[in-house]
Amino acid sequence: MSAALRRHGWSYLFVLPTFSLFVVFTLLPVAQGLVLSLQDARVTGGSFIGLANFATLADDPVFRQALGNTVLYATVVVAAQVTLALVVASLIQPLGAKSRVFYRALFYLPLVNSAILVAIVWRWIFNPNPFGLANATLGVVGLGPFLWIGSSDQALLAVILSAVLTIPGGGVVLYSAAMGSLPRELYEAADLEGAGPFAKWRHITVPLLRPTTLYLVVVYTILAFQIFERVYIMTNGGGPNNATITIVQLIYSTAFQFGRYGLASAMAVVLFVMAMVVAIAQFRSLRTDVEY
Amino acid sequence: MERDVIISRRRFLGSLAAVGVVVACGQTAAPSPSASGSASAAPATAKPVSIEWWRRNYTPGSQNAETVASDAAVKGWKERNPNFTITIQGGPFGPETDQKFDIAILQQKAGPDVFHTTGGDVLKYAAAGQLSEPPLTDAERRDFNPSALQATTYKGKVVAYPLWIVPWFEYINLDLFKEAGVTPPKDGNWTYDEFFAAAKKLTIKRSNGKQAYGFAHANDEFAFMLIDGGRPYDKDVKTWTFNSADAVSGLEKWVALAQAKVMPPDFLTLNPNDAQARFLSGDIAILQRPSAMINVLNADKNWEFGKNWDIANFPRAKGDQTAWGGVGFIAVREQQDADKKAAAHQFAKYLTGPDIGPDLKKQTPPVEYWLAPAGRTSAAGIYGDYHPAKAKVAKMGAFTYVLPNVSTWSEIDQKYMRPARDAALEGKKTPKQALDEVTPAAQRLLDEANK
């Protein structure tokens, strides 16, 4: 037994309850999902079919559409949300302590709202009728009316806009907290050299926030890949002509409405691999040795 | 040698992100194999017995129609059979409750002794050997609507009791008809051309400034594709035929409504609740919905039958008068306990038979049991007695097209038919092109269901 184990062995006891829950409720289900993806699993049972489910997915135009929609949604929404969080946090940072706390709370509070309620509100905002808020507002300046969620050409745009136009409170709080702990010496040095506010933000703040940015990009990407309730509520689960169908929406339909658990699990595996590949790519491109 | 580990914020955030990736994709529910059971009913028993009835949309203490009727049904049955104890379990309409049924019946082989179910589920449970075959006499068989009985037949055997046939028809806002100067259809009958002309005239800016639309539906049926005689399957339910010339011309008639802009702009995403709300707020002149909405209108003091609302048949075109319809069933779960099974069958017969309607009507206050026309001729009359609108609906069973039970229908419907219909209605594809494109996938799923 190594010295480290002798010294810290007892501490594993404290980790054990949480680790057990993680294994039982996270790792095992993921493993079971992997097994199911290799089966023709239905409610009544299933048999091993190898990679046939993945071949079915490759040939399925609806899955390809869901994949494309999910990637497009994630790309636009993650880029927009991370940028928005950074900009809003940067605008809050120079304010006084009380104001910073107020704005952090202000931007974070909407997160406690039910995602379903939020989606219902967005459904009303992008309703194609004149009573839809977007059409009513744009109508004032002579634009529209637009069909929004009522059209296969605009429904995905409406869903994306609903996410982009929501200030990501969690990101704002994280960035704001991270900015608060950045070393002041660097800014003082920059001041001495005559750097302006934008130059300091661009060359000091943003680079030093890369660990936070990496975390947010990875987490927001995973969340974006899992987009479901917005699509389900705003566009009745796929929109006109499947225009807004996403992978998780299709997993839900395939498992719980069509009873094809094996196929749905194969989709979940594809999503898992996508999330992992993207996360690894993000780790590689955004990692930094900056310590402060 | 020992080394203290310092976790920097960067590493901590990185670790969090890595854990996020691991938990990103969970599994879907895991099914387990199930065994088949035999299918026969034991003779009825008079000794005390307790059974469990599972009913969708039953919420203890609420005043929704399903809850009120279910409680009254148990009361009615207890008066006839004091030795029976019946417990009702509910759950909202939707996949959560469907899954609860599936897990109980297919995996745990437990749960309800008797339960309400719908088309696809009947076949699913029958295929798993979990339904006990109803012990019907020849007279009882003849008493059921043949297409409803056909819809509950699995491999030549009737596996559940048809409860009711639910037709989709037109609710009409008489105030809007009057405002637009349109005469309502005489005796509720109209041709497609008359219907189309009315819908166009009814699409108006109302005197209160609100835009009204001539027609709306709730995206849960394909009635227009039946209008010229098109049907989803051939008689044997072996071949997909919803790309026939008749089905295509039916879809063309539907497309014409979209092109004429007589439907609200969000018609492709209208769900039943929204559609109903829009009718109630006076935005829709003609709404295609099933019979449950009659009670909603009756409960609303702003709506008075014959004064500002009425019902009409689905319009007629090249084909015979028709309507889109679904069937509700009562099923008895296969189980070892012969007494419970026999009691469940007795109760199921009561729930679908001619006695329950009058029993509940005699209660104080009287309760309407039938939420749609009964699937049995001997039980059908009372539905029409409840309300003049229901009297009209009661006559629709004769021409309602009951969608045959195909276990893969929901997949055909949601994954292929609705997008194809949407593409046609949006003008992105011709009706023929849209329906032809669906056919290979629909036929494959039909073949799979027939295996």
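B:K155 is exposed, since 8 other C-beta atoms lie within 10 Å of its own; here a residue is called buried if 20 or more other C-beta atoms lie within 10 Å of its own, exposed if 12 or fewer and partly exposed in between, with C-beta atoms placed from the backbone. This is a predicted model, in which local features need pLDDT of at least 70 and side-chain atom pairs count only at pLDDT 80 or more, while totals for chains, interfaces and linings use all residues. Residues are numbered from 1 along each chain as its sequence is written, and chains are lettered from A and ligands numbered from 1 in the order in which they are written.

Although B:K155 is not a glycine, its phi is positive, and B:K109, also not a glycine, has a positive phi. B:K109 is partly exposed, with 17 other C-beta atoms within 10 Å. Helices (H or I, at least four residues) and strands (E, at least two) are DSSP runs, numbered from the N terminus.

| Residue | Phi | Loop in chain B |
|---|---|---|
| B:K109 | about 50 degrees | between α3 (95-108) and β3 (114-117) |
| B:K155 | about 50 degrees | between β4 (153-154) and β5 (157-158) |

One joins A:G144 and A:P145, with omega about 0 degrees, and A:P145 lies between α7 (133-140) and α8 (155-164) of chain A. The other runs from B:T364 to B:P365 with omega near -5 degrees, and B:P365 lies between α13 (356-362) and α14 (377-386) of chain B.

Chain A comes to 15 helices and zero strands, and buried residues make up 42% of its 292 residues. Helix α12 (residues 210-225) of chain A is mostly covered, as 14 of its 16 residues are buried.

α12(A) packs with α15 (residues 261-286) of chain A at an angle of about 165 degrees, their axes being 10 Å apart; axes are lines fitted to C-alpha atoms, for helices over the stretch in contact, and angles run from 0 to 180 degrees between N-to-C directions. The two helices are therefore roughly antiparallel, a term for angles over 145 degrees. Residues that make the contact (C-beta atoms, placed from the backbone, within 7 Å) include A:L214 and A:V218 of α12(A) and A:M274 and A:V278 of α15(A).

Notes: Angles under 35 degrees count as roughly parallel, over 145 as roughly antiparallel, 65 to 115 as roughly perpendicular and the rest as oblique. Two residues are in contact if their C-beta atoms, placed from the backbone, lie within 7 Å.
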